[in-house]
Amino acid sequence: MSRFASCKRWAVLGGTALALTLSAPVWAKQYTVAFVPKLVGIPYFAAMKKGMDKAGKQFDLKVIYQGPSSADVAQQVNIVSSLINQGVDAIGVAANSPTAFGPMVKKARAKHIVFYSTDSQVEAKGNQLRVSQVNDKALGYKVIDVLAEELKASKGAAKGKIAFVSGGSTATNLNTWIKFMKQRLKDKYPNIKLVDVQYGGEDVTKATNITNQLISAYPDLDGIVGINTTAVPGAAQAVLTSGKKGQIVVTGITDPNTIRPYVMNGTVNKVVLWNPVDLGYLTGWGVKQILDGKQFKPVNEVPGLDHKIKYDAKTKTLLLGPPMVIDKSNIQLDF
Amino acid sequence: MASTASTGSRWPSWINISARELLLIIGVIVITAGISIGSHGNFWNDSNLTNLMINTAITLVPAIGMTVIILTGGIDVSVGSMLGLVAVAGGTAFEHGVGLAAATPVFLVAGAILGFVNGALITYGRVPPVIATLGTLSVYRAAAFIFLGNHWITMIPPSVTQAMVLTQPLGIPIAVWIALVLIALCMVFLARLPRGRHIFAIGNNENAARLNGIPVERIKLAAYTLTGVLVGVAALMSLGHSPMVQTTTGTGFELTVIAAVVLGGTELTGGRGSLLGTLLGAILVGLVQNGVVLLHIQPFWSGVVLGVIILVSVGSATVRRAAD
């Protein structure tokens, strides 16, 4: 053995130690925040990720984005569990089930990892932050108000027969919105009659077929409300190909990228949503506050968002804001 | 060989109606009447008939290839993922501003490549068809996920819908004409040309066919590739019908296609079956899927009804054979 060998070994070790010491403060400062969406491969959560990345840049967070390939609770729990084992600073989900994450919340908190939920909430005691896109009631009401407005514009009065096309028949958020929509119809628009509610899953072809059949089953249908992202373009396509454009009002909850062709060709005038990029950004900001040990105020100024954000201390919920109407004027928004 | 006895000489020989097909025709008539009455005649609305025809055509076109594959004793369970991946390829072409005429070859070639891979795995790779296509079912779907990422293709030009669905010579959409021409050609091919008869021979006894000098591997490879091309055609039709590509586009479609073929009387053991049966099977599947909303029931019931029809019809055929 050369007599330099041990010197070399020490030099390498020393160098590594020095490098680690120097980088340690940088590591300590940057938090790693994991976000597990309901599923990957859909534009909605990609938009949320965009917002979180923006917050990551602004507030020096390392964002990990990982999720199941279908909206599956078991897969999602597995991913959360393995991320907790990897030792992140904060972990959050857009939950596929409000109740399935109890053990995960416990596990995270035991390891001093911040647990949060966003978009679709987790009902568990240790959940430290909920970030809610919009008040469900406000959204449901807004969609029906837009529908009534459109019916008035095309038929002269807020009346007629309408149908709902939804996604999964067990999806909690969709069913909550439907509940509030029905309530609004009953309270404010007694002359608009809901004749049918059908479910097409997260599949635009199924939504197209179902709407086509609805149009045939109710030849005097005046309006269709799509409850999820795929239902609205599916309904619009069916209305377009059956030559009912202008006769049947189509509106609902969907994003600009998905509905753009139909807004451009006039089959759809208005849809309702919130801004998922802002939702992701707000989530990133909120998590950073908790990691820094700061408290939320009832009304918060968030750098980078143009309106103030309400916080409900009782439910630990940050609320993004009122629903947003998308029409020709802002259809170029990219999410 | 074709299991059927001709019911008369008035028909050209490539149309060969068996008792089973007569039963299917009766089934179609009964279900049509049922939906028609149950929907107070709304079934006959123009837009509903168009929708029914388009959906049937989208199922029928790959079902033609599937019939040929099943006749050789094989199966392809990957067509759903294939449709998805082909739609991703074609949709991407559309996104880059390619027009309908120039994009059509993209659909056909992409389909041919994917079908060829299936065929090569089965013939030269000696992987059993179910296993090979189960593998590609999952690989093709994953490829669609990887390629598309978090994006859906929504910018499909309106000319696709215009060409496939809204242009209707004699009241029948172009997509349906394409399906009808394809099935007529393939019926003539199966019944009249030696190669067509070879397909039945392979399904009946592959070794005997090989000993007789029939190029078994080449024919099988061609059958899977043909199915790929037909899936490409169906993908284009399907974008005309609902112009958006999701990562999940086509999921579960393989079951609809196989259901149409099996319902049509083609036997999974190979060697027995007919394209006329497949046509009727596809219509029956289309009717059942079409009827549910018209009858004001929830769509998942169509799955139940379809399942029961398949069990009863295939089960009764097996029982009948056992009794003979």
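**Exercise 1. Contact range and overall make-up of chain A**

Determine what share of the contacts in chain A between residues at least 6 apart in sequence join residues at least 24 apart.

Solution. Step 1: two residues are in contact if their C-beta atoms, placed from the backbone, lie within 7 Å. Step 2: among contacts in chain A between residues at least 6 apart in sequence, the share that joins residues at least 24 apart is 71%. Step 3: the model is predicted, with pLDDT of at least 70 needed for local features and 80 or more for side-chain atom pairs to count, while totals for chains, interfaces and linings use all residues. Residues are numbered from 1 along each chain as its sequence is written, and chains are lettered from A and ligands numbered from 1 in the order in which they are written. Step 4: a residue is buried if 20 or more other C-beta atoms lie within 10 Å of its own, exposed if 12 or fewer, and partly exposed in between, with C-beta atoms placed from the backbone. Of the 335 residues in chain A, 50% are buried. Step 5: chain A has 10 helices and 14 strands, where helices (H or I, at least four residues) and strands (E, at least two) are DSSP runs numbered from the N terminus.

**Exercise 2. The surroundings of β6(A)**

Find which strands pair with β6(A), and in which sense.

Solution. Step 1: two strands pair if DSSP finds at least two bridges between them. Step 2: β6(A), residues 160-166, pairs in the parallel sense with β7(A), residues 192-199, over seven bridges; here A:S166 stands opposite A:Y199. Step 3: β6(A) also pairs in the parallel sense with β8(A), residues 223-226, over four bridges, and A:V165 has A:G226 as its bridge partner there. Step 4: six of the seven residues of β6(A) are buried. Step 5: together with helix α6(A), residues 172-188, strands β6(A) and β7(A) make a right-handed β-α-β unit. Right-handed means that, with the strands pointing away from the viewer, the path from the first strand over the helix to the second runs clockwise.

**Exercise 3. The side of chain B that touches chain A**

State how many residues of each chain are in contact, and which element of chain B gives the largest share.

Solution. Step 1: 31 residues of chain B are in contact with 33 residues of chain A. Step 2: elements of chain B that give two or more residues include α5 (129-148) and α10 (216-241). Step 3: the largest share, four residues, comes from α2(B). Step 4: this side of chain B has 11 nonpolar, 20 polar and no charged residues. Ala, Val, Leu, Ile, Met, Phe, Trp, Tyr, Cys and Pro count as nonpolar, Asp, Glu, Lys and Arg as charged, and the others, Gly among them, as polar.
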